[in-house]
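Please keep the structure open while reading.

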Amino acid sequence: MVPSSTAIVVPGLSARLPLLGDLFAYHFMVNAFLAGTLIALTAAPVGYFLVLRGQSFVGHALSHVGFAGAAAAVLLGISPVLGLLAVGVVGALGIGTLGGSSPRLGIANDIAVGTVLAFSLSLGLFFIRLSSSYAANVYGFLFGTILGISDQSLRLIAVLSVVTLVLIGLVARPLLFASVDPSVAAARGVPVRALSYVFLVLLAVAVAEAVQVVGVLLIFALLVTPAATAQQITARPGRAVALATALALVVTWAGLAVAYYSAYPVGFFVTTFAFGVYLLTRGARSVWMRGRRQPSARRVGAVG
Amino acid sequence: MADRPIRVAPPAGPEDLAAGCRPAAAHHPATAPVVTFEHAGVSLGGRALWSDVDLRIWPGEFVAILGPNGAGKSTLLKAILGLVPLSTGRIVLMGESVLRGSPTIGYLPQRRSFDVDTRIRGRDLVELGLNGTRWGLPIPGVRRLWGGAATARDEARRVAEVIDLVDAAPYADRAIGELSGGEQQRLLIAQALVTRPRLLLLDEPLDGLDLNSQHAVSALIHRISDEFGVAVLLVAHDVNAILPYLDRVVYIARGQVVTGTPEECMTEETLSRLYDTPIEILHTRDGRIVVVGQPEGVAYHHHADGAGHGAF
């Protein structure tokens, strides 16, 4: 999909950099940037709650469930995104029923989620084999198809993003309360169980969107990594969401731009940049924590 | 009946259980009780957990709920919160029927500490106690139109006030998971207090704290009930740390509820009968009581040395 003239490795990258304007010379790149932006804006706040609730693995499972849905949609000749969305939402409600209202799922639920995850992936494989379609379809689901976003898909992504963001805004505070302190939230009248369903459905929608950028297998890159990085940096909810959003936007834009000027896939760059930033903040934080602990350790030592 | 916040049922053996534990006198005849249990009972899975309970809790009272495991101590708190339905009778909360989500109750559930990786500040947790039930998000600029900015300032001030009240200001801006059990417990008490409740329900707030923190948190709870007239109902594992501050104890055992002042109620005879195991009560030279042999307090008493008991 990338024009062959740009398929030059590192030397081509530096030669092309002054011409950032031609990033948008092709319609598919404009669509890719618009879709990537909308998806990053949605994935980051949803990812914030996902990480806070300790449900990252559920996000991963939902992408695999969605994969089966997308493959089934191809088999039926309808839009894969719709299949991704519909089956993802059903999967979210199923996981909600299995997992109960507790945000931090136990080992039994971990196993249930993992089992469903593996089965979904195999089901997707089966559907794709049935439809005897081109293997590139599988590749696209697994690793993202951001460079092939149609105008119609873009409109769907825009609608989904706006609806998801508005809903997240509406439930933000009760959801935060229910996520960190479920028993007190329930005592104060917050519908903890209903909110856990609402959140899983929002998550399914965000997953269906993000799969189009980074694919089923790299879903963590947009959903979990920016939010986890932001939570390393700040413990304030508002700032963490803002920071996660900024990070998701930057890694998406940078991934698209670098992929455009190189021969390598977008998903790889988005994931690598997100992971790089995460590693850097983890490292910086552990150094900072050690620096803060040292004085008190010395004080204890002096007393003893 | 208004003068008798005690009732023991079923009639078959009340005298037995109440022996040595006389009805408490009316504490505040001029004021209305914060909570009234009227013949209240709770059944779980067809089995009556406790039944026919008549109990009054008065403003500013510090009451401990004691009893063996599974007697329904936590359920008593949950019934007041409206989280557990009554099978018989009713509970009246400040003149009204119990309704789930009442901001007039501050609640501290029984819990383990927060996960180390819970990345949210103590201050945010306290603030959620105030506005965590509110839908929607304040949009900067728009909220100014109907005085939202003033509300936000007022809320931030109230959050800061309760954090100061529990002396948690030095660490309120750190992530809750990084704090010690005692520090977390202070912030959670602040969260329970931020709506300015009339009633504080604390489910084993001293559980898992070291001895020093147990005494500090007990003193803090006493100060709150004293200064603000908040009625405190505290479920306790081990009564010794709170004993110096208690106005009254409520014992739940074998489906029955007995109440009285610690002096009236905490006799070796009554306690041994309630817990169905020999219990010894020691009177220290300065007139304090230490309970020994209470089944749930075993770990504490075995580990506590002379210095630990000397704190009473």
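This is a predicted model: local features need pLDDT of at least 70, side-chain atom pairs count only at pLDDT 80 or more; totals for chains, interfaces and linings use all residues.

Because five of the five residues of strand β3 (residues 62-66) of chain B are buried, the strand is largely enclosed by the rest of the structure.

**Pairing of β3(B)**

- Strand β8 (residues 231-235) of chain B pairs with β3(B) in the parallel sense, over four bridges.
- Within that pairing, B:Phe62 has B:Val232 in β8(B) as its bridge partner.
- Strand β9 (residues 248-253) of chain B also pairs with β3(B) in the parallel sense, over four bridges.
- In β9(B), B:Val249 stands opposite B:Ala64.

**Packing of α5(B) and α6(B)**

- Two packed helices are described by the angle between their axes and the distance between the axes.
- For helix α5 (residues 181-193) of chain B and helix α6 (residues 211-228) of chain B, the axes come within 10 Å and cross at roughly 15°.
- The angle is under 35 degrees, so α5(B) counts as roughly parallel to α6(B).
- The crossing of α5(B) past α6(B) is right-handed.
- From α5(B), the residues in contact are B:Gly181, B:Gly182, B:Gln185, B:Arg186, B:Ile189 and B:Leu193; they meet B:Ser213, B:Ala216, B:Val217, B:Leu220 and B:Ile224 of α6(B).
- By type, the residues of this contact of α5(B) with α6(B) comprise six nonpolar, four polar and one charged.

Definitions and conventions:
Residues are numbered from 1 along each chain as its sequence is written. Chains are lettered from A and ligands numbered from 1 in the order in which they are written. A residue is buried if 20 or more other C-beta atoms lie within 10 Å of its own, exposed if 12 or fewer, and partly exposed in between; C-beta atoms are placed from the backbone. Helices (H or I, at least four residues) and strands (E, at least two) are DSSP runs, numbered from the N terminus. Two strands pair if DSSP finds at least two bridges between them. Axes are lines fitted to C-alpha atoms, for helices over the stretch in contact, and angles run from 0 to 180 degrees between N-to-C directions. Angles under 35 degrees count as roughly parallel, over 145 as roughly antiparallel, 65 to 115 as roughly perpendicular and the rest as oblique. A crossing is left-handed if the near helix is turned anticlockwise from the far one by less than a right angle, and right-handed if clockwise. Two residues are in contact if their C-beta atoms, placed from the backbone, lie within 7 Å. Ala, Val, Leu, Ile, Met, Phe, Trp, Tyr, Cys and Pro count as nonpolar, Asp, Glu, Lys and Arg as charged, and the others, Gly among them, as polar.
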